[in-house]
Amino acid sequence: MEYIIDIKEFRETNNLRQNDLADYLGLSQTFLSQIESGKRPLAQKHIRKLLEAGKFVTTMIKEKPLSVKQAQVSMDREVFDLLKNQSE
């Protein structure tokens with residue numbers, strides 16, 4: 001089973017600007033904007049790096065629906081478990 005995290009919600013919850021999060025992840029602001037709008041995927045290595053970046057709340061983590069909505073990316077079960085444990 002796959003899970004998703006809402007990157008925009010994560011960024012806003014942690015009071016980060018797109019430039020700040022993009023720099024932290026080693027991405028351009030334009031690329032992060034495309035991820036948030038659902039036009040580009042985010043690599044697992046970047047999702048793992050988000051674990052170090054800030055606060056997660058359980059509403060950001062969901063089972064992947066049949067069609068992924070904008071501003072969401074897939075993650076594997078290991079990352080999901082880490083995020084869930086961190087948000088508790």
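These are my notebook entries on what I looked up in this predicted model.

**Ground rules.** I number residues from 1 along each chain as its sequence is written, and I use heavy atoms for side-chain values, leaving out hydrogens and water. Since the model is predicted, local features need pLDDT of at least 70 and side-chain atom pairs count only at pLDDT 80 or more, while totals for chains, interfaces and linings use all residues.

**Entry 1: the overall layout.** I found five helices and three strands in the protein, where helices (H or I, at least four residues) and strands (E, at least two) are DSSP runs numbered from the N terminus. Read along the sequence, they follow the pattern β-α-α-α-α-β-β-α. I then looked up burial, and 36% of the 88 residues count as buried; buried means under 20% relative accessible area, exposed over 50%, and partly exposed in between (1.4 Å probe, protein chains only). For contacts (heavy atoms within 4.5 Å), I noted that 74% of those between residues at least 6 apart in sequence join residues at least 24 apart.

**Entry 2: the nonpolar core.** Which residues make up the largest nonpolar core? I listed twelve: Ile5, Ile7, Phe10, Leu21, Ala22, Leu25, Leu27, Leu32, Ile35, Leu42, Ile47 and Leu50. Helices α1 (7-13), α2 (18-25), α3 (29-36) and α4 (44-53) each supply at least two residues of this core, and α2 gives the most, with three residues. A nonpolar core is a set of buried Ala, Val, Leu, Ile, Met, Phe, Trp, Tyr and Cys residues joined through side-chain atoms within 4.5 Å.

Entry 3: In α2 I found Gln18, Leu21, Ala22 and Leu25 to be buried. They cover an arc of only 100 degrees around the axis, which puts them on the same side of α2; the arc is that of the directions from the helix axis to the C-beta atoms. In α3 the buried residues are Leu32, Ile35 and Glu36, and because their arc around the axis is only 95 degrees, they lie on the same side of α3.

**Entry 4: how α2 packs on α3.** At what angle do α2 and α3 pack? I noted about 105 degrees, with the axes 8 Å apart, which makes α2 roughly perpendicular to α3. Axes here are lines fitted to C-alpha atoms, for helices over the stretch in contact, and angles run from 0 to 180 degrees between N-to-C directions. Angles under 35 degrees count as roughly parallel, over 145 as roughly antiparallel, 65 to 115 as roughly perpendicular and the rest as oblique. Gln18, Asn19, Leu21 and Ala22 in α2 meet Gln29, Leu32, Ser33 and Glu36 in α3.

Entry 5: Is Arg11 buried or exposed? Arg11, in helix α1, counts as buried because its relative accessibility is 10%. Its side chain makes a polar contact with the side chain of Glu36 (2.6 Å). A polar contact is a pair of N or O atoms within 3.5 Å; within protein, one must be able to donate a hydrogen and the other to accept it, and residues adjacent in sequence count only if both atoms are side-chain atoms. Leaving aside neighbours within four places in sequence, Arg11 is in contact with Leu16, Arg17, Gln18, Leu21, Leu32 and Glu36. Gln18 is buried as well, with a relative accessible area of 17%, and, not counting residues up to four places away in sequence, Gln18 touches Arg11, Gln29, Leu32, Ser33 and Glu36.

**Entry 6: the loops.** Between α1 and α2 I looked up Asn15, which is exposed at 70% relative accessibility and has a positive phi near 50 degrees although the residue is not glycine. Both Ser37 and Arg40 are found in the loop between α3 and α4. Ser37 is partly exposed at 25%, and its side chain reaches the backbone oxygen of Gln34 at 3.1 Å. Arg40 is partly exposed at 41%, and its side chain makes a polar contact with the side chain of Gln34 (3.2 Å).
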